[in-house]
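Work through the exercises below with the structure open. Each task is followed by a solution in steps.

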Amino acid sequence: MEIFTLLKANIRGKKGSFISIVFLMMIISMSLAIVLSVKENCRNSQKAMLDETNTGDMAAFIKTKRLSDALFQSVENNSLVEKAENYAAIVSDQAESGENSDGNSWYLTKCRSGYQMYNEDLTAYKKQMPPLKKGEIYIPQGVSTRLECEKGDKVKLSTIGGKYEFKIKGVFIEPLLGSSTIGWKQLFISDEDFEEIYLACKEKETEDMCADFQIVQIYKKAGCTLSDSRFRRELNLATGITDQSSGSITRELSMHYTNIYSDIIMSVLMVFGIFLFVIVLIVMGHSVSTGMEMEYVNLGILKSQGFTKNKIRMVWELQYFLAIFTGTAAGLIIAVPLIQKMGNIFQPLMGFLAGGDISFLKIALAVLLIWLVSGLVIFLITKKMDKISPVRAISGGHGDIYFDSRIKAPVCQRGLLGSLALRQLTSCKRRYIGTMVIVSILVFFMMTVTILGNVVNSKSAVEAMGAIYTECDVSFKKIPDDKTFEAMEKVVKKYSPIEKSYYMTGLYCSLNGEEIHCQVYRDPEVMAATKGRVPLYDNEIAITELIGEELSLKIGDEVTVAGIDKKEKYVISGIFQSMNDTGMTFMISLDGAKRIGIHEIAFAGYSLTIPEKAKEAAKALNSSFGDILEAESSAGNDIMEDSYVTAINAMKGIIFGFSILFALVVVVMICSKIFLQEKIDIGIYKAVGFNALQLRLQFAIRFFMVSLAGSIVGAVLSLLFSGKMLNSVLRVVGITNISVQYTLPTVIVPAAVISVCFFLFAFLVSGKVRCVEVRELIMME
Amino acid sequence: MKQVILSANGLCKSFAHNGGQIHVLSHIDLELYEGDFTVVMGASGSGKSTLLYTLSGMDRATAGQVLYSGENIVDAKEKRLASLRHSDFGFIFQQMHLVSNLSLFENIIVPGYLNKEKTAFQVRERAEELLGQMGIAHLKAHLPSQVSGGEQQRCAIARAVIHNPKLLFADEPTGALNKRSTMEVLDLLTGLNQSGQSILMVTHDIRAALRATRLLYLEDGKVVGELPLPEYSPEEEKSREAQVNAWLSAMEW
């Protein structure tokens with residue numbers, strides 16, 4: 001009963017601390033619950049849809065003429081394979097809707113069963129997909145995101161048989177290729193359209209140009225324990241199915257690509273959440289130790305009245321545990337409706353609804369861990385109570401709250417408030433170290449996320465990471481020759497000097513038996529190598545760091561690259577960086593590719609000195625070479641698609657928002673404690689003629705200084721670790737060597753936001769100074 | 001004829017307590033004169049400190065007026081009161097109340113800096129002079145916690161007079177000191193008064209009361225007695241003590 005009475009009194013007396021800890025724990029548990037659930041929901045939803053649509057463990061996209069009966073049967077009869085199914089598809093290599101276009105291979109098929117479609121506002125699924133009429137098309141949401149089109153809009157698809165216009169009848173759930181992060185797409189058209197386009201393509205088909213494809217769905221045998229990628233490799237070595245295909249994708253790979261951005265963002269938020277927890281521990285530690293400092297006499301009195309040290313500690317521990325439990329419970333309750341909402345942010349990228357399920361087990365484990373760590377911290381800090389001697393405590397034997405500092409900041413008449421604030425800081429540094437650590441963590445994250453934002457919005461940064469940013473893009477309908485390239489450049493130069501140009505093709509080849517994306521460049525020197533050099537001779541290739549790790553390869557190693565019909569040996573000349581196929585790609589020169597039967601250049605791009613002229617240049621290219629190419633201008637477009645930028649901005653918003661919120665709570669908690677500790681000093685300053693405004697400003701300046709110092713530490717941490725952290729997070733998209741660009745706003749904005757918030761919050765909290773009457777001094781006597 | 005420096009008319013101060021009111025000061029009319037060393041005495045709980053703080057504007061009166069240079073400071077805004085504290089009034093407390101993280105020298109100069117009439121150089125020069133006058137020049141760089149109570153109080157006196165206040169308020173300045181320190185502090189205050197400083201001090205220490213040029217006796221929140229005294233001189237201390245003791249006995253102290 002006595003414990004309950006003391007507990008009640010303690011909570012009543014420290015309402016501010018209690019509420020703050022409840023609030024902080026609420027934020028932590030809420031964010032962890034959201035992050036863990038959304039991450040799991042995204043994957044579970046995709047897996048459920050893949051099962052529902054009866055999608056194979058691997059899908060290969062292969063020209064019909066290459067899928068011989070013998071090949072199909074060798075696949076079907078392979079010991080690892082349960083079954084294989086194939087269906088016809090027509091490939092389109094250019095899609096347009098309004099101002100937007102896409103040059104990836106999109107597979108047009110007849111409607112297939114098992115698929116669901118979205119309702120009108122894309123918030124739920126409909127089981128039934130009404131049959132399509134001629135001229136109508138069902139698109140996955142990834143197409144809607146890439147082409148910025150919706151139901152009712154028109155979409156034009158180019159095939160070798162001609163360009164066809166369709167009206168979008170609806171958006172369907174395509175779990176394998178439906179994400180906007182995957183270039184290939186599967187679209188449903190009416191049987192009538194399919195037959196008509198098929199015949200038109202067949203008529204125009206040549207040795208090099210062929211639109212007649214088969215999509216082969218291959219299912220692993222039940223009990224096959226191989227990973228999907230291992231399964232694909234083994235199957236290819238046994239049958240050559242992927243060597244013969246234009247490309248293939250496994251379920252695992254599709255899930256990786258589809259969830260790539262949700263994984264990145266959730267990982268960053270997870271790390272941020274963990275650091276927020278560290279902040280909470282610091283705040284809690286500060287609260288307990290300053291609380292003990294302030295309650296020193298009372299604790300001595302309790303001891304003198306017969307309370308054992310364990311009983312007193314138990315009261316304190318219970319008080320903090322109660323706050324932790326209440327906060328966690330509140331956070332979990334609030335997280336429930338937010339899980340669905342947060343998952344919806346990724347819907348345009350993933351192409352399906354993430355669902356609102358709660359990952360009970362993971363959350364329970366995380367919460368348990370939070371409780372254990374917090375409990376341990378409180379237990380260790382309250383241990384100091386054991387040493388309180390009742391006699392010393394009651395006789396006021398507790399040491400002064402200030403310490404003589406070696407750093408003696410001078411007190412000056414000019415800038416009196418600032419110099420007094422600095423003196424206050426230097427004479428009780430210990431009290432502010434926690435605050436400084438908190439600020440540095442917050443600023444580090446704010447800077448890191450700003451850097452990430454800079455990366456996706458900066459042409460030079462994106463280029464440094466292996467992407468080529470051009471204003472005028474060309475996709476070829478027929479294989480061009482070198483003379484055509486020269487003629488094309490002449491046309492473009494009429495409008496603007498060319499800063500940089502590239503001619504390339506992207507396809508899948510086998511590298512030491514593994515199907516890997518291959519970038520063929522006519523002039524590989526347009527790309528930069530991070531180590532060694534780009535392939536200049538016909539017996540060289542360059543690989544990414546990820547390929548090197550995955551296949552245990554390094555510069556100087558000899559590898560076997562297989563084209564469709566030929567295999568050749570190559571030497572690795574360098575390491576480069578690319579986001580293509582999330583970094584699982586290698587580079588070869590056109591001369592080198594010719595050795596394995598690859599002659600075609602499918603794309604070209606021009607970076608112009610006068611980007612505004614790109615539209616006119618594209619128009620001129622189309623009118624001069626319309627029969628062999630399709631040119632378009634991307635000048636003025638965002639460097640990355642809106643949906644990615646939106647997701648990254650959402651993350652930036654969350655981190656900035658939480659940081660400000662944390663700053664507020666931390667300031668409220670720490671200021672309140674310091675305010676109580678310094679009540680006498682405030683009285684003295686008032687007695688010698690300081691007014692409330694001056695004292696509040698001094699208080700706020702002090703916190704401004706702490707946050708400024710913390711910001712500097714945060715900036716240094718960012719310089720040291722932001723790149724490393726982003727590299728480890730962005731490995732999933734193939735970035736292993738991020739181009740960290742520090743602009744002045746990158747450093748200034750987070751530091752200014754936090755410092756101004758600390759200043760303002762400290763100024764507001766110190767409003768209590770007005771209530772301190774000099775009478776407080778009389779009371780002391 | 002002495003000039004009135006501060007006056008109180010019908011000054012009342014009450015505190016809310018258990019739903020009722022405790023009247024600590026009750027309709028006090030009082031005038032303080034320039035150059036006087038006025039000492040207020042009274043039993044514990046008679047309202048001495050409350051009178052001092054209400055007169056100095058540190059605490060708000062419940063009713064009545066405190067007139068300083070014709071201005072009723074009872075109604076003065078916080079900013080005006082702050083300005084009075086760093087220009088016209090000085091304060092000495094029983095517990096010294098030095099800012100513990102400022103050195104003795106800094107404790108003295110900070111309020112001096114607030115008063116913009118003097119340059120930083122002048123303030124520092126004056127502080128050095130006061131430190132010498134108070135006999136603590138060698139301790140100027142020490143923190144309050146590193147010096148004795150008497151030395152702290154001498155520093156507090158220097159702080160209180162750094163801006164040459166018109167009126168110095170002292171609340172039992174010797175209450176926390178030993179006999180030697182008490183005498184040193186009283187000598188300093190006497191010296192200040194004899195050089196023209198007006199002082200209002202509350203105390204229950206007869207040794208302190210002997211230094212007064214005017215003694216007031218407070219009982220139940222009212223001034224019930226007054227004893228004018230000549231300027232203090234150590235030679236006459238014995239006779240002065242007898243006179244004050246007799247007066248205090250008459251006041252039933």
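The model is predicted: local features need pLDDT of at least 70, side-chain atom pairs count only at pLDDT 80 or more, and totals for chains, interfaces and linings use all residues. Residues are numbered from 1 along each chain as its sequence is written, while chains are lettered from A and ligands numbered from 1 in the order in which they are written.

**Exercise 1.** Describe how α3(B) and α4(B) are oriented to each other.

Solution. Helices are DSSP runs of H or I with at least four residues, strands are runs of E with at least two, and both are numbered from the N terminus. Axes are lines fitted to C-alpha atoms, for helices over the stretch in contact, and angles run from 0 to 180 degrees between N-to-C directions.
- The axes of α3(B) and α4(B) cross at roughly 140 degrees and come within 9 Å.
- Angles under 35 degrees count as roughly parallel, over 145 as roughly antiparallel, 65 to 115 as roughly perpendicular and the rest as oblique.
- α3(B) and α4(B) are therefore oblique to each other.

**Exercise 2.** Find the residues of α4(B) and α5(B) that meet, and class them.

Solution. Two residues are in contact if their C-beta atoms, placed from the backbone, lie within 7 Å.
- Helix α4 of chain B spans residues 120-134 and helix α5 of chain B residues 149-161.
- From α4(B), Leu130(B), Leu131(B) and Met134(B) meet Arg154(B), Cys155(B), Ile157(B), Ala158(B) and Val161(B) of α5(B).
- This contact of α4(B) with α5(B) has seven nonpolar, no polar and one charged residues, where Ala, Val, Leu, Ile, Met, Phe, Trp, Tyr, Cys and Pro count as nonpolar, Asp, Glu, Lys and Arg as charged, and the others, Gly among them, as polar.

**Exercise 3.** How many residues does chain B bring to its contact with chain A, and from which elements?

Solution. 
- Chain B gives 30 residues and chain A gives 26 residues.
- On the side of chain B, α1 (48-55), α2 (78-87), α3 (104-114) and α4 give two or more residues.
- That side has 15 nonpolar, nine polar and six charged residues.

**Exercise 4.** Why does Phe307(A) count as partly exposed?

Solution. 
- Phe307(A) lies in the loop between α10 (296-304) and α11 (309-345) of chain A.
- A residue is buried if 20 or more other C-beta atoms, placed from the backbone, lie within 10 Å of its own, exposed if 12 or fewer, and partly exposed in between.
- Phe307(A) has 19 other C-beta atoms within 10 Å, so Phe307(A) is partly exposed.
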